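Here is a short briefing to read alongside your model. Take a look at the structure first, and then walk through the notes below.

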Amino acid sequence: MHTVKRRRDVGKMAGLGVAVAIGAVALYPVWLLVANSFAGEGSLMRYGYLLIPHHWSLLAYVSIFDTGTVPEAYLVTVFFTVVGTLLSLIITALTAYPLSTRQMKNRNLIAFFFYFTMLFSGGLVPTYILITEYLHLSNSIWVYIFPSLLNVWNMFVMMNYFRSIPSELYEAARCEGASELRILVRIVLPLSLPALATIGLFYAVGYWGEWQQAALYITNENLWSLQFLILNLIQNISIAEQIAQAGFSNVTSAVAIAPSETVRLATAVVTMGPIVILFPFLQRFFVSGLTVGAIKG
Amino acid sequence: MARLKDFLQNWPMYLLLIPGIVFALIFSYAPMVGIIIAFENFNPIQGLFGSSYIGWQNFQVFFEGQQWIQVTFNTLFLNTLFIVAGTVMGIFLAIFFTEIGKHWIIRVVQSVVILPNFISWPIVAMIALVFLQSPNGVVDQTMTQLHMTPIQFYSQPGVWPVTLMIMNTWKTAGFGAIIYMAAIMGFDRQLYEAARIDGASRMQSIFQITLPMLRPMIAILLLLSVGNMFRGNTDMIYSLVGNNSLLYPTTNVIDTYVFRNVLDGVNFGITGAVGLMQSVMGFVLVVTMNWIARKLNPEYALF
């Protein structure tokens with residue numbers, strides 16, 4: 001009996017060892033990015049990307065906050081992420097609620113109207129012509145928001161969640177003559193916080209990661225999103241050099257090299273920041289919220 | 001008549017639906033009208049409704065060219081790699097986490113493997129640079145230390161399918177495992193107890209109980225991802241490859257081909273035709289796969 005238990009303990013220890021290794025593989029790339037964004041440019045040049053840099057420096061961060069490029073993109077991105085997520089949650093809830101009740105006879109027809117957009121699309125070219133020629137959204141910050149306001153998959157997940165709320169809870173209010181909007185806002189939404197948190201997170205991550213809209217519709221550099229700025233930093237080192245030079249000239253330092261490489265890494269780190277910080281708080285919601293509509297939309 | 005009556009009775013409900021319906025009409029249904037561009041000799045000055053009708057000529061031009069084989073093959077091949085690697089890794093992680101059981105280390109590692117899913121592709125592209133650039137990328141330096149000839153990643157198209165597969169698995173497998181874990185936790189514990197009493201080893205219970213019970217779910221999820229085989233991931237591939245045409249032979253997929261053409265503003269007619277072809281093929285594939293899924297298990301069909 002004793003040896004069986006011991007063998008199982010050894011097995012568990014080995015398992016935990018493998019788990020730690022898996023975690024390390026998942027985290028190692030992110031750690032390299034973060035650690036080396038704090039490296040001195042000279043140390044990075046000489047020794048390459050190290051697990052723990054030889055010399056630490058905040059110069060890259062000083063540089064990116066000294067010039068307008070990154071803070072401007074940050075403001076733009078925060079704006080369309082916050083406004084976009086709020087508007088998306090509103091339109092998603094407004095659409096999901098009527099489809100979740102059994103009142104409407106036409107609800108299957110309307111659900112199919114939305115479902116069909118997941119099966120078939122006109123493609124990028126007609127969308128591009130629509131947005132540039134007819135809606136005139138080029139070089140407008142709203143081009144980040146309007147085309148992705150309603151995600152039909154998220155809408156069906158929310159609809160399923162609403163259906164899991166017992167209808168007795170709002171039938172009484174309906175009998176007393178409360179309007180549908182009032183029932184939705186006062187009764188249904190407060191009972192749906194896990195779904196709202198999960199879907200809100202999905203929308204927010206979607207908006208935060210937005211760069212294709214910038215690539216297609218934005219030529220004004222002041223309206224670039226953070227992610228598009230990063231793509232440009234990757235493809236064109238001279239942008240990073242400009243930021244590094246500008247920040248560098250403001251700092252009297254013994255370091256002889258402008259931090260253009262670390263500026264790129266630091267920009268990626270501040271872009272990743274909010275999600276990595278929010279993530280541990282939100283993930284307890286989304287694991288439960290996700291399984292509700294996980295397979296069946 | 002019944003529909004009209006329903007409308008009059010439930011008008012407050014329909015009122016709530018208006019924003020969603022307007023959105024879908026503008027951003028999903030209006031572009032479907034724009035499909036006519038595929039049959040036009042499109043000219044921006046004459047516009048969508050003024051350009052001349054040329055029938056199937058745009059499709060002809062595309063299929064007579066060299067590129068269609070390349071982008072279609074890459075789309076299907078890369079998606080196959082992603083689906084296989086993602087599924088295997090997702091199932092492995094799910095079984096691994098549930099087998100070891102409750103421990104704070106497991107909880108932390110579970111969170112850690114989900115995290116990459118929330119990191120955007122442009123940031124992954126920056127991380128890729130840290131690893132793959134030459135001469136001071138991590139891979140290059142390691143290979144030099146081991147006296148191997150370093151790989152010039154950004155000029156060698158041959159290594160990219162596997163590279164993309166590794167990155168995609170790193171980013172998505174942890175999140176993909178959640179759905180399998182939820183299923184495994186729902187399995188009857190008594191089965192495992194009974195097997196253990198009968199002397200089954202851990203491996204035997206994985207292969208004789210867990211995997212067979214996961215099989216219907218794996219089959220359905222595979223069918224549904226096969227349904228999306230014609231859709232490429234511009235977000236991933238354009239972020240990582242950008243306009244580096246040296247890598248196009250193995251990385252250019254239908255979506256990036258269309259995306260780059262729109263960015264450069266060239267050949268709207270032909271590009272629109274390619275987009276339409278992709279939408280139709282995708283539609284047929286999704287509907288077929290869903291039909292098969294419903295034959296296997298009506299519970300799991302999407303519609």
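Chain B has a secondary structure of 14 helices and two strands, where helices (H or I, at least four residues) and strands (E, at least two) are DSSP runs numbered from the N terminus. Please keep in mind that this is a predicted model, in which local features need pLDDT of at least 70 and side-chain atom pairs count only at pLDDT 80 or more, while totals for chains, interfaces and linings use all residues. Residues are numbered from 1 along each chain as its sequence is written, chains are lettered from A and ligands numbered from 1 in the order in which they are written, and side-chain values use heavy atoms, with hydrogens and water left out.

**Overall form of chain B**

- The C-alpha atoms of chain B fill a box of roughly 75 × 70 × 35 Å along the principal axes.
- Chain B has a radius of gyration of 25 Å, whereas a compact globule of 303 residues would come near 19 Å; the radius is taken over C-alpha atoms, and the globule rule is 2.2 Å times the number of residues to the power 0.38.
- Of the 303 residues in chain B, 51% count as buried (buried means under 20% relative accessible area, exposed over 50%, partly exposed in between, with a 1.4 Å probe and protein chains only).

**Where chain A meets chain B**

- On chain A, 95 residues are in contact with 90 residues of chain B, contact meaning heavy atoms within 4.5 Å.
- About 8,100 Å² is buried between chain A and chain B, and carbon and sulfur atoms give 78% of that area; buried area is the accessible area (1.4 Å probe) that two parts lose on being put together, summed over both.
- Helix α1 (residues 2-37) of chain A gives the most to the side of chain A that touches chain B, with 17 residues.
- That side of chain A divides into 66 nonpolar, 21 polar and eight charged residues (Ala, Val, Leu, Ile, Met, Phe, Trp, Tyr, Cys and Pro count as nonpolar, Asp, Glu, Lys and Arg as charged, and the others, Gly among them, as polar).

**Backbone details in the loops**

- Ser134(B) and Pro135(B) are joined by a cis peptide bond, with omega about 10 degrees, and Pro135(B) sits in the loop between α6 (121-132) and α7 (138-145) of chain B.
- Asn139(A) is not a glycine, yet has a positive phi of about 55 degrees; Asn139(A) is partly exposed, with a relative accessible area of 33%.
- His147(B) also has a positive phi, near 60 degrees, and is exposed, with a relative accessible area of 76%.
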